[in-house]
Amino acid sequence: MAETTTTAGGPAPVPEAPGAGGKRPRSVRVVLLALMIAMMLAMLDNMIIGTAMPTIVGELGGLEHLSWVVTSYTLATAASTPIWGKLGDLYGRKGTFLAAIVIFLIGSALSGMAQDMGQLIGFRAVQGLGAGGLMVGVMAIIGDLIPPRERGKYQGMMAGVMALAMIGGPLVGGTITDNWGWRWAFYINLPLGVVALALIMVVLHLPNKRRQARIDYPGAILLTVGITAIVLVTTWGGTEYAWTSARIMELTGIGVAALAGFVLWQTRAAEPILPLHIFRSRNFTLMAVIGFVTGFVMFGATLFLPLYQQSVQGASATNSGLLLLPMLGAMLVTSMVAGRVTTKTGRYKVFPLVGGVLLVAGLFLLAQMDSGTSRLTSGIYMAVLGLGMGCLMQITMLVAQNSVEMKDMGVASSSATLFRTLGSSFGVAIMGALFNQRVQDEMSARAGALGSQVTEQSAQLDAASLAKLPEAAREAYQYAVSAGTHSAFLLGAAVAVVALVAAFFVKEVPLRGAGPQEQAGDAAGPQGKGATGSAAPASVTEAV
């Protein structure tokens, strides 16, 4: 019988060594399945909803508020992410993760029952609150269950789930909307979420810790205000309002002031939401930088590549999603290979270095595309970019978690997730502003007054609008989109250089393995320490 230690929730098993052949206990694999489902829910949601938007507007109206269906979700997710991480550290990972799933499912059910656009926007915010806890909860629980040496291959699997969600999301969303109606784009979360909820409740057994500390409410408020303001700036800037408008300037000032106040307060708070001491670790800070750049590049690429493929290469909306397979497939394979190599060798510095080189090279190659570039050529360029992203996606999370003590695992996971989210917001905003300006300039230069009129409302035309243009204007627009993507990807390549430089300064701290001797050390209970001087990870009970 396994030795036990007493926790707040009664006896809890001490980590057991992997079984024969290095396999994890069956119960661990069941929990990992539940975590994959939870991550799939969080990743799929926006992908599915995007294809259902036209149908939603047709039934509920409120076209002028359409962008808020996505913005409210994004804001709630970004603002709640660091708070979920801290709650997990304070009150236990399992309870906070279950709460996040329940809130996400409640938001999904309410969104599916929405009767007008206002209700849908509000319910999407509830859903986003839960989604913030799903992402950070998955990574933190893996950090608790799996020793760092083995963690790479499991986090590589999570990156694979992310890639599959990005590939399959639009296809699933279109199929559900066409056959069952848009409300099922939300209801589909319910059965999947209930399965994940049941598996986590039954199989996952972590210590029910409750530290004697109060929640840092002033810090939480300042951070929420700061993140909300910054995300609104990146969402509205150049679209709803001009970058130099009073509204954008006000939000920028509020965001900067709130975040500065947050940093100052964290130096005084008894139990800070985001302990600043974790940034004293060089590796953790470098991973935050690399994660920000990866988010900047990845979401910018997934926004502009389909637009280029539809407008210039003549792909349909569905096919443009499938044409991203070279990038997403390469990312999926490389993530899993990188994780397994890291698990086998314990070495990881090579992946940020190689990933940084491939990231810069892939973006530079994509910047060379023009109106005559073939789908095969663009596919090869995308594969190079995907290889780079695959080297970086989960290695950044692994190194960030390996750089902190176990008591800060949730904060480390949420911070890494937050920096990637903020990077994606900035990437979409800045690359989008550059793209739109270049398209409008080229249309004015090549099609005169007609060109300016065509792109007056938006530089991004759908297939129906493009087909209505005169041939000369259509050719001008295709050239303009090529020029716009050139500028956007060139900017992305320049930003990716930052990740490459950061990778050179990463110090390869040995990852703690899971051999019998170290597992025996883990079994020492509270005295067992990891490579960072932290308590050994918890485990899952073996099914009896």
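This is a predicted model: local features need pLDDT of at least 70, side-chain atom pairs count only at pLDDT 80 or more; totals for chains, interfaces and linings use all residues.
## Overall make-up

The chain has 544 residues, of which 55% count as buried. Its secondary structure consists of 19 helices and two strands. The accessible surface is about 21,900 Å², and carbon and sulfur atoms account for 65% of that area.

Contacts in the chain were also sorted by sequence separation. Taking those between residues at least 6 apart in sequence, 82% join residues at least 24 apart.

## Nonpolar core

The largest nonpolar core contains 139 residues, and Leu35 and Phe489 have the most contacts inside it. Helix 1, residues 26-60, gives the most to this core, with 19 residues.

The surroundings of Phe489 can be listed. With its neighbours within four places in sequence left aside, Phe489 is in contact with Ala301, Phe304, Leu305, Leu363, Leu366, Ala367, Met369 and Met431.

## Aromatic pairs

The count of aromatic pairs is eight. Tyr241, with a relative accessible area of 29%, is partly exposed.

A second example is Phe292 with Phe426. Their ring centres lie 5.8 Å apart and their planes are at 50 degrees, so this pair is tilted. Phe292 belongs to helix 10 (residues 282-311) and Phe426 to helix 16 (residues 409-454), so the pair ties together parts that are 134 residues apart in sequence. Phe292 counts as partly exposed because its relative accessibility is 24%. Phe426 is likewise partly exposed, at 27% relative accessibility.

## Nonpolar surface patch

Val497, Val501, Phe504 and Phe505 make a nonpolar surface patch of about 380 Å². Val497 is found in helix 18, which spans residues 471-504.

Why does Val497 count as partly exposed? Its relative accessibility is 37%, and the partly exposed class lies between the buried limit of under 20% and the exposed limit of over 50%, so Val497 falls in that class. Patch membership needs over 30% relative accessible area, and the 37% of Val497 can be read against that cut-off.

Conventions
Residues are numbered from 1 along each chain as its sequence is written. Side-chain values use heavy atoms; hydrogens and water are left out. A nonpolar core is a set of buried Ala, Val, Leu, Ile, Met, Phe, Trp, Tyr and Cys residues joined through side-chain atoms within 4.5 Å. Buried means under 20% relative accessible area, exposed over 50%, partly exposed in between (1.4 Å probe, protein chains only). Helices (H or I, at least four residues) and strands (E, at least two) are DSSP runs, numbered from the N terminus. Contact means heavy atoms within 4.5 Å. Patches are made of residues with over 30% relative accessible area and no salt bridge: like charges are joined within 9 Å, nonpolar side chains (Val, Leu, Ile, Met, Phe, Trp, Tyr) within 5 Å. Accessible areas come from the Shrake-Rupley method with a 1.4 Å probe; for residues, only the protein chains shown count as cover. A salt bridge is a side-chain nitrogen of Lys or Arg within 4 Å of a carboxyl oxygen of Asp or Glu. Rings of Phe, Tyr and Trp (its six-membered ring) pair if their centres lie within 6.5 Å; planes under 30 degrees apart count as stacked, over 60 as edge-to-face and the rest as tilted.
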